[in-house]
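User: I've got a model open and want to go through its local geometry. Can you walk me through it?
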Amino acid sequence: MMAEPWQALRLLLAILLTLMALTYQARKKTFLSVQEVTATENYAKDSLQWITDQYNKGSDDKYHFRIFRVLKVQKRITDHLEYHLNVEMQRTTCQKPETTNCVPQEGELHKQVNCFFSVFAIPWFEQYKILNKTCSSD
């Protein structure tokens with residue numbers, strides 16, 4: 001009779017350990033593919049536009065910034081897409097929210113920012129999230 005409670009406790013402990021192991025495995029990312037892609041690839045292009053919009057929304061600068069050079073785009077495929085984007089952005093002559101015919105500022109107002117963005121993307125549902133952002137000014 002005394003063995004039954006211990007057996008039930010051992011069974012419960014085994015179930016808890018199994019659930020913890022499965023939860024840990026579910027959190028680990030398994031990359032199906034990691035590749036460098038061009039900035040003109042459809043979903044990369046959408047992600048670049050999205051990060052530009054997000055950068056400008058979060059910036060206190062009264063001028064609009066634009067990506068003038070894409071240094072590197074890496075696409076990682078799991079159950080979603082992750083883009084790792086290295087870009088060079090410059091302040092333009094357009095004040096927010098204007099975005100047409102914007103050329104880079106020159107002289108005192110010239111400002112260049114080099115940024116790295118890591119973006120969670122499910123572009124077919126238009127869902128994006130910045131996972132990491134690091135920018136530095138020249």
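Analyst: Let's start with helix H2, where Ala44, Ser47, Leu48, Trp50, Ile51, Thr52, Tyr55 and Asn56 are buried. Buried means under 20% relative accessible area, exposed means over 50%, and partly exposed lies in between, using a 1.4 Å probe and protein chains only. Helices (H or I, at least four residues) and strands (E, at least two) are DSSP runs, numbered from the N terminus.

User: Before we go on, what sort of model is this, and what are the pLDDT limits?
Analyst: The model is predicted: local features need pLDDT of at least 70, side-chain atom pairs count only at pLDDT 80 or more, and totals for chains, interfaces and linings use all residues. Residues are numbered from 1 along each chain as its sequence is written, and side-chain values use heavy atoms, with hydrogens and water left out.

User: Back to H2. What do its buried residues pack against?
Analyst: They pack against E2, E3, E4 and E5. Contact here means heavy atoms within 4.5 Å.

User: How many residues does H2 have, and what does it span?
Analyst: H2 has 17 residues and reaches 25 Å from its first C-alpha to its last. That is close to the 24 Å expected at 1.5 Å a residue. The expected span is 1.5 Å times one less than the number of residues.

User: Let's take Trp50. Buried or exposed, and why?
Analyst: Tryptophan 50 counts as buried because its relative accessibility is 19%. Its place is in H2, residues 42–58.

User: What does Trp50 touch, leaving aside neighbours within four places in sequence?
Analyst: Tryptophan 50 is in contact with Val119, Tyr128, Lys129 and Ile130. Take isoleucine 130: 80 residues separate it from tryptophan 50 in sequence, yet their C-alpha atoms are 9.8 Å apart.

User: How many aromatic pairs are there?
Analyst: The structure holds 2. Rings of Phe, Tyr and Trp (its six-membered ring) pair if their centres lie within 6.5 Å; planes under 30 degrees apart count as stacked, over 60 as edge-to-face and the rest as tilted. Tryptophan 50 and tyrosine 128 form a stacked pair, 5.3 Å centre to centre with 25° between the planes. Tryptophan 50 lies in helix H2 and tyrosine 128 in strand E5, so the pair ties together parts that are 78 residues apart in sequence. Tyrosine 128 is buried, with a relative accessible area of 17%.

User: And how are the rings of Tyr55 and Phe65 arranged?
Analyst: Their centres are 5.4 Å apart and their planes sit at 70°, so that pair is edge-to-face. Tyrosine 55 lies in H2 and phenylalanine 65 in strand E2 (residues 63–77), so this pair ties together parts that are 10 residues apart in sequence. Tyrosine 55 is buried at 11% relative accessible area, and phenylalanine 65 is buried at 1%.

User: Switching to disulfides. How many does the structure hold?
Analyst: It holds 2 disulfides. The criterion is a pair of cysteine sulfur atoms within 2.5 Å. Counting bonded cysteines along the chain, the pattern is 1-2, 3-4.

User: What about Cys94 and Cys102, left-handed or right-handed?
Analyst: The link of cysteine 94 and cysteine 102 is left-handed, with -110° about the S-S bond. Their sulfur atoms are 2.0 Å apart.
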